[in-house]
Amino acid sequence: MRDSAEWQPTSYRSHTIGQVVSLGDSLIGTEVTISGYAETVRGRGAICFLMLRDGTGRIQAFLKRDNMDQAFFDLVQSVSRESTVQLTGVVAEKRAPKVKEGESPPPPEYEINVSSGSILAIASTPLPVGVTDDVQVGLDVRLDNRHLDLRREHVNAMFQLRSRVLQYGREHLIAEGFQEINTPKIIAAAAEGGTNLFPMKYFDTDAYLSQSPQLYKQLAVLGGLERVFEIGPAFRAEKHDTYRHLNEFISFDIEGAWMDDEDVMGVQERMIFHIWSEVKKNDQNLIDIINKYRISQGNEEIEVDIPSLPFPRIPYCEAIEIVKKGGGEIEWGDDIESHHCDLIAAKFPGFHFIPRWPMAMKPFYIHHKENEKGTTGEQLSRGFDLNFGRDEMTSGGAREHRVDILEENLRGMGLDPADFTFYTDGFRYGAPPHAGWGLGVARLLMVLTGAGNVREVVLFPRDRSRVTP
Ligand code: AMO
């Protein structure tokens with residue numbers, strides 16, 4: 001439930017239920033109007049009890065037929081679960097349960113003695129997804145009915161946590177001098193390779209949905225904004241069908257002038273440290289709600305373990321050796337896949353960076369690593385990943401800021417520099433060395449909440465088979 005202490009009255013309520021419950025004593029005898037979802041109705045005949053819930057709490061309402069419009073009383077008595085109801089009544093202390101001698105009484109609870117109200121919208125029956133009961137339905141049914149799924153306490157808690165993570169991330173970056181930008185999502189050239197673009201018609205020309213804010217965040221820095229960040233959608237037409245890939249995801253990006261790969265790894269680890277510390281300090285109630293559900297499902301509880309700084313750095317060449325020693329099949333120059341990451345995670349279970357990938361495996365905008373070659377003499381880069389366990393959270397790196405080399409890189413990757421002049425022109429008039437990263441928000445949330453599927457922490461996920469709701 002959300003803290004609503006500061007919420008102002010609205011046309012539909014004088015108080016949130018959370019305010020009534022927490023102000024308690026000081027509201028006894030006061031008339032309030034509350035609105036919420038009907039959870040249960042008990043009692044027949046002349047009196048009934050309605051449990052009402054809003055996003056901030058739940059409270060029992062006491063209704064007596066003689067005290068109100070009788071038609072309204074009858075409607076409430078037969079109201080279906082999850083219908084929305086507005087009630088006006090006086091706050092009273094609930095009769096305390098008897099306690100045995102020597103036991104201390106429980107804290108007081110409050111109820112509303114209703115005098116009037118109205119049914120705002122009747123819920124259809126049966127509910128396709130139960131809100132307060134424990135009936136299990138599959139993820140697909142839940143996602144088809146996300147509007148109801150979100151009313152379940154632990155699902156709601158996940159999305160509150162998501163909002164907190166973004167808030168703390170923003171907060172940290174702003175404190176480090178970054179400013180928030182928004183870059184276009186309709187674009188003409190691929191940042192991350194041409195194979196996984198969603199094409200679209202833009203009036204009479206061809207355009208694409210953006211795979212990453214990469215080129216534009218760099219242009220913002222080249223233009224003098226110095227340190228920028230963006231939290232926005234990225235689209236990838238990848239035919240993946242996994243627990244961690246979606247075709248639309250929220251990418252949390254930064255870019256900073258006068259910074260290299262080490263500098264932005266520092267920003268990343270400090271930001272994650274801040275997020276974890278703030279969640280631990282402020283949001284244990286949300287973690288507890290998620291744990292209550294996890295226990296009911298026979299899953300282990302999650303704990304917010306604040307990671308220590310600095311995160312381990314396991315350079316690509318070393319990572320390959322760890323995988324080989326662990327019995328994994330891998331050669332220098334291969335991608336490090338999830339099953340390889342398991343072998344690395346056995347040694348480094350928490351967050352860890354994998355810096356200095358081979359240059360040939362990195363996009364054209366990545367800077368090479370000077371004075372250092374790979375095991376077989378190949379060029380290394382200033383590109384890095386951040387992993388947790390078997391999953392990649394982030395890619396990033398120092399960028400090439402010299403336009404002639406950039407154009408050479410483009411040609412080397414089979415791309416035509418003429419298609420990128422909107423980008424390369426940004427480097428022609430003095431370009432600061434710069435670096436940045438892109439973090440998959442949902443992947444980070446999976447770590448924090450213990451969710452086994454990225455769809456759990458995305459409101460309306462888009463995958464190969466899902467474009468609605
Ligand atoms: P990259 O392509 O590695 O790098 O993406 C950055 C991070 O975004 C997340 N991610 C995804 N999440 C869910 N579904 C997907 N299909 C998906 N694809 C990527 C991952 C990944 O680590 N421009 C660079 C970043 C940079 O260098 O600044 C980029 O986009 O967590």
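Mentor: Start with Asn371. Its relative accessible area is 84%, so Asn371 is exposed. Asn371 sits in strand 13. Its phi is near 55°, a positive value in a residue other than glycine.

A word on the ground rules. This is a predicted model, with residues numbered from 1 along each chain as its sequence is written. Local features need pLDDT of at least 70 and side-chain atom pairs 80 or more, while totals for chains, interfaces and linings use all residues; side-chain values use heavy atoms, without hydrogens or water.

Now step back to the loop between strand 12 (351-355) and strand 13 (368-373). Arg356 lies there. Arg356 also has a positive phi, near 60°, and is not a glycine. With 24% relative accessibility, Arg356 counts as partly exposed. Helices and strands here are DSSP runs, numbered from the N terminus: helices are H or I with at least four residues, strands are E with at least two.

Next, a helix pair. Helix 9 (residues 316-325) packs against helix 10 (residues 338-347) at about 95°, and the axes are 9 Å apart. The axes are lines fitted to C-alpha atoms over the stretch in contact, and angles run from 0 to 180 degrees between N-to-C directions. The two helices are therefore roughly perpendicular. That label covers 65 to 115 degrees; under 35 is roughly parallel, over 145 roughly antiparallel, and the rest oblique. Helix 9 brings Ala319, Ile322 and Val323 to the contact. Helix 10 brings His340, Leu343, Ile344 and Lys347. Contact means heavy atoms within 4.5 Å.

What about the cysteines? Take Cys317: its closest cysteine sulfur, in Cys341, is 16 Å away, too far for a bond. A disulfide is a pair of cysteine sulfur atoms within 2.5 Å. The count by this rule is 0 disulfides. Cys48 is at 0% relative accessibility, so Cys48 counts as buried.

Gln86 belongs to strand 4 (residues 84-93). At 17% relative accessibility, Gln86 counts as buried. A polar atom of its side chain lies 3.0 Å from the backbone oxygen of Tyr12. Leaving out residues up to four places away in sequence, Gln86 touches several others, among them Ser11, Thr33, Phe72 and Leu120.

Two prolines deserve a glance. The peptide bond from Thr125 to Pro126 is cis, with omega near -10°. Pro126 is in the loop between strand 5 (110-121) and helix 3 (139-144). Thr468 and Pro469 are also joined by a cis peptide bond, with omega about -10°. Pro469 is in the segment after helix 13 (441-449).

Finally, the whole. The protein has 13 helices and 17 strands. Its C-alpha trace spans about 85 × 60 × 40 Å along the principal axes. Of its 469 residues, 49% count as buried. Among contacts with a separation of 6 or more, 66% come from residues 24 or more positions apart.

How values were computed
Buried < 20%, exposed > 50% of the residue type's maximum accessible area, 1.4 Å probe, protein only. Polar contact = N/O pair within 3.5 Å; in protein donor to acceptor, adjacent residues only side chain to side chain.
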